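Let's take a walk through a protein model together.

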Amino acid sequence: MAEHEQVHEHVRVAVIGSGFGGLGAAVRLRREGITDFVVLERAGSVGGTWRDNSYPGCACDVPSHLYSFSFAPNPEWPRTFSGQEHIRAYLEHVTDTFGLRPHLRFDSEVKRMAWDTERLRWEIETVSGSLTADVVVSATGPLSDPKVPDIPGLDSFPGKVFHSARWDHDQDLTGKRVAVIGTGASAIQIVPAVQPKAGRLTLFQRTPAWVMPRMDRAISGAERALHRALPVTTKLRRGVLWGIRELQVQAFTKHPDELGFVEQIAKRNMGAAIKDPALRAKLTPDYRIGCKRILLSSTYYPALARPNVDVVASGLCEVRGSTLVAADGTEAEADAIIFGTGFHVTDMPIAERVVGADGRTLAEAWKGGMEALRGGSAAGFPNFMTVIGPNTGLGNSSMILMIESQLNYMADYLRQLNVLGGRTALDARPAAVRNWNHRVQERMKRTVWNTGGCTSWYLDAAGRNTTVWPGTTAEFRRATRRVDLAEYEVLRPAPAPVPAPANAADANAGTNAADTSAEVSA
């Protein structure tokens, strides 16, 4: 080897991201006997969205015992719905318990990934160096890149501006005029936390949300002791929580007209705290409950009823110095603007950095809408799997259930590659991807997410729901239990070039030899 040639690290699997999806993939790889892998993380610690979202009041709206790995139960959850700091600590604990630290590469944001059609591997360029991998598992998650709307005049705002997922903890909001933009899951937690200290809080609400009571409580020491002494009780608790949510799915996916009873509960939750009829009218949605994500809070409405809070029933459309102007012309003065406007969900930013077999980026391939075979494999991107990919989201249960199903699929994917032997790759057949997504979208037509009369972050720019799974978690687990090789093309290295013939006759015979980068076998 020439001295000037650089030797790049090569691994069997490169995992992108160290949130629930990435750490779950790492644990599963080790359990499958695969230790030749790295986890590339752009930040300096694990945790994903639970590291990034540290705003006041940040907590999960899925019960703690269900929002955790089945293979890593936690008997020490302090509350039925745990806060951000406890979930982040849990992920650190999982990292240590399963010996994942040697595999972690912090401060290694992926700049570009490109498929090498000759060597059948991924070339990965990060801010900290380059490497290659046989397989890439992208676990960047849909709630990782904040979305801030393009508001005219925002650059001229003299005060502080930040997104809920990039909270400025150095900013003291005491006595300040604070504007909160958005009424999603983050905003309804931020408002009750900020309202007591703000001099004035103005909430810009483009669309009101359905808010159900949050049945949160401390988990007693006796309960935690029981879970420690008898681990089966933790498993039973998780099973009950899962079963309740599975039974609820039919109302969302098949019988949205049955959700009226749930709407009455939400209206009573509002009516208990909001006595002003005008404010109640502003806060009452005009779409079916469940069409947008149902939010949980017992403190949101009481905070909105406080005298230092104004609700503007319109979105922010312009900033003129320290004056914020809503679409309906309402004006409000502010010293700080907090955006609770969500994330890039239907247009994953990582997709712009992934270059497939035909030279197109994943973003270009998904220009007409995201779609992947069983939520994980995109056509034209061999040996590339997405955890929490298209149509794997949930409207009423724990994403950890879906992540673990996708990890089952990942594990069998790697087993199939081992069985095939040698240097091989699997590329999802376009027809298989189309068939899968056709079935998903056909089922989606009758769901509350499509028929409920709202526009939500579940829908892409074309109005297609590319986010949510239109069925139960048990159905998805069955669909991802095994990899069906009939849905994939098996790629192998091209045969070695035919040696130059010794005479002219042989030369003519050799002109038909293929010199392709890889051959495809069914």
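**Salt bridges and their surroundings**

Arginine 79 is partly exposed, with a relative accessible area of 33%. Here, buried means under 20% relative accessible area, exposed means over 50%, and partly exposed lies in between, using a 1.4 Å probe and protein chains only. You are looking at a predicted model, in which local features need pLDDT of at least 70 and side-chain atom pairs count only at pLDDT 80 or more, while totals for chains, interfaces and linings use all residues. Residues are numbered from 1 along each chain as its sequence is written, and side-chain values use heavy atoms, leaving out hydrogens and water.

What does arginine 79 form with aspartate 216? The two form a salt bridge, with their closest N and O atoms 2.9 Å apart. A salt bridge is a side-chain nitrogen of Lys or Arg within 4 Å of a carboxyl oxygen of Asp or Glu. This pair links distant parts of the chain, 137 residues apart: arginine 79 sits in the loop between helix H2 (49-52) and helix H3 (84-97), and aspartate 216 in the loop between strand S10 (211-212) and H5. These elements are DSSP runs numbered from the N terminus, with helices (H or I) of at least four residues and strands (E) of at least two. Aspartate 216 is partly exposed too, at a relative accessible area of 25%.

The structure holds 32 salt bridges. In one of them, the side chains of arginine 12 and aspartate 134 meet at 3.2 Å, N to O. Arginine 12 lies in strand S1 (residues 9-16) and aspartate 134 in strand S6 (residues 129-138), so the pair ties together parts that are 122 residues apart in sequence. Aspartate 134 is buried, with a relative accessible area of 17%.

Now find lysine 160, whose salt bridge with aspartate 168 has its closest N and O atoms 3.1 Å apart. Is lysine 160 buried or partly exposed? At 33% relative accessibility, lysine 160 counts as partly exposed, whereas aspartate 168 is buried at 15%. Elsewhere, Arg28, Glu32, Asp412 and Arg415 are linked in a network of salt bridges.

Next, let's turn to a pair of helices. H5 (residues 221-229) contains leucine 226. H5 and helix H6 (residues 231-253) pack at an angle of about 110 degrees, with their axes 4 Å apart. The axes are lines fitted to C-alpha atoms, for helices over the stretch in contact, and angles run from 0 to 180 degrees between N-to-C directions. H5 and H6 are therefore roughly perpendicular to each other; angles of 65 to 115 degrees count as roughly perpendicular, under 35 as roughly parallel, over 145 as roughly antiparallel and the rest as oblique. Where the helices meet, Glu223, Leu226, His227, Arg228 and Ala229 in H5 touch Pro231, Thr233, Thr234 and Arg237 in H6, with contact meaning heavy atoms within 4.5 Å.

Finally, visit alanine 372, in the loop between helix H10 (362-365) and strand S18 (384-386). At 2% relative accessibility, alanine 372 counts as buried. Leaving aside residues up to four places away in sequence, alanine 372 touches Ser377, Ala378, Pro390, Val433, Trp436 and Asn437. The C-alpha atoms of alanine 372 and serine 18 are separated by 22 Å, and these residues are 354 residues apart along the chain.
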